[in-house]
Amino acid sequence: MSHITIDGAIGGGSVLRVAAPIALAKQQQITIDNIRKDRKKPGLRTQHLLGLTLLSQLSGASIEGGHIGSSSVSFQFGGQEITHDLHVQIPTAASLSLILQALANYALAAKTSLTLKFEGGGTFTQWAPTWDYVTHIIIPHFSKFGLEIACDIEKHGFFPKGGARGQISLSYGKSHATIQYDDFEIEEFLLISTATKSLQGRNVAERQIQGVKKHFSREILGETINYLEARNPEIGRAHV
């Protein structure tokens, strides 16, 4: 069996979320070195390690170097139990959207289905796609390639405390059509503002909308305001 080695210094955590799941789905042993080398906190963080651990359970590959701060990880096949019914408890606000990215890449490359039940983690966190982005951008694009993603979010989690809860199901089928992405210019925007319910009395989500609109001269397709229950009421998010 061939062994792939990748220099993780060429990118951040996205190298892990793309290279590892595709290699493991194709039954390729893989090593990733210099993980997040130039970041303020280099090496594996919680969300990276959780994603890699779940990939290990899906593929049956064992992990070497699987600990927080590790700058190198290797996957090798042999003797590990495989499951497609995953369950994870997340003690931090680790981004569920980034964990989903790794799982979706695996399911698409392996042409398989899986389920993830989670307790903890964040759906609205720093430096990661928010869950509204997952809903409106990520899920529809994976669907074009034949991977259907269904999410049942019982509770959302915000940075810094997390506390999300729910289930994500990924099911592979045939792609709907020939896929072609042409050069285009964005002409319209859907503006979504999300904040915790404790901020509703101060109209935080509405003020976020107005703040973002000051920087746009193009037509806004629509505006959506969301107030969600969360463990840490002092945090909210706005995004396009």
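The structure is a predicted model. Helix α1 covers residues 13-25, helices α3 and α4 cover residues 96-110 and 131-144, and the structure holds one aromatic pair.

**Helix α1**

- At 1.5 Å a residue, the 13 residues of α1 should span 18 Å, and this agrees with its end C-alpha atoms, which are 18 Å apart.
- Helix α1 is mostly covered, since 10 of its 13 residues are buried, among them Val15, Leu16, Arg17 and Leu24.
- The elements that cover the buried residues of α1 include the strands β1, β2, β3 and β4, together with the helices α2 and α3.
- After α1 comes Gln27, which has a positive phi, near 60°.

**Helices α3 and α4**

- The axes of α3 and α4 come within 11 Å and cross at roughly 10°, and because angles under 35 degrees count as roughly parallel, the two helices are roughly parallel to each other.
- On the α3 side the contact is made by Leu96, Ser97, Leu100, Ala104, Asn105 and Leu108, and on the α4 side by Trp131, Val134 and Phe142.
- Sorted by class, this contact of α3 with α4 has seven nonpolar residues, two polar residues and no charged residues.

**The aromatic pair**

- The ring centres of Phe124 and Phe158 are 5.0 Å apart and the ring planes lie at 15°, so the pair is stacked.
- Phe124 lies in the loop between β6 and α4, whereas Phe158 lies in the loop between β7 and β8, so that the pair links distant parts of the chain, 34 residues apart.
- Both Phe124 and Phe158 are buried.

Key: Residues numbered from 1 in each chain as written. Predicted model: local features only at pLDDT ≥ 70, side-chain atom pairs only at ≥ 80, totals over all residues. Heavy atoms only, no water. Axes fitted to C-alpha atoms, helices over the stretch in contact; angles between N-to-C directions. Helix = DSSP H or I, 4+ residues; strand = E, 2+ residues; numbered from the N terminus. Parallel < 35°, antiparallel > 145°, perpendicular 65-115°, else oblique. Contact = heavy atoms within 4.5 Å. Nonpolar A, V, L, I, M, F, W, Y, C, P; charged D, E, K, R; others polar. Phe/Tyr/Trp six-rings, centres within 6.5 Å; stacked < 30°, edge-to-face > 60°. Buried < 20%, exposed > 50% of the residue type's maximum accessible area, 1.4 Å probe, protein only. Expected span 1.5 Å × (residues − 1).
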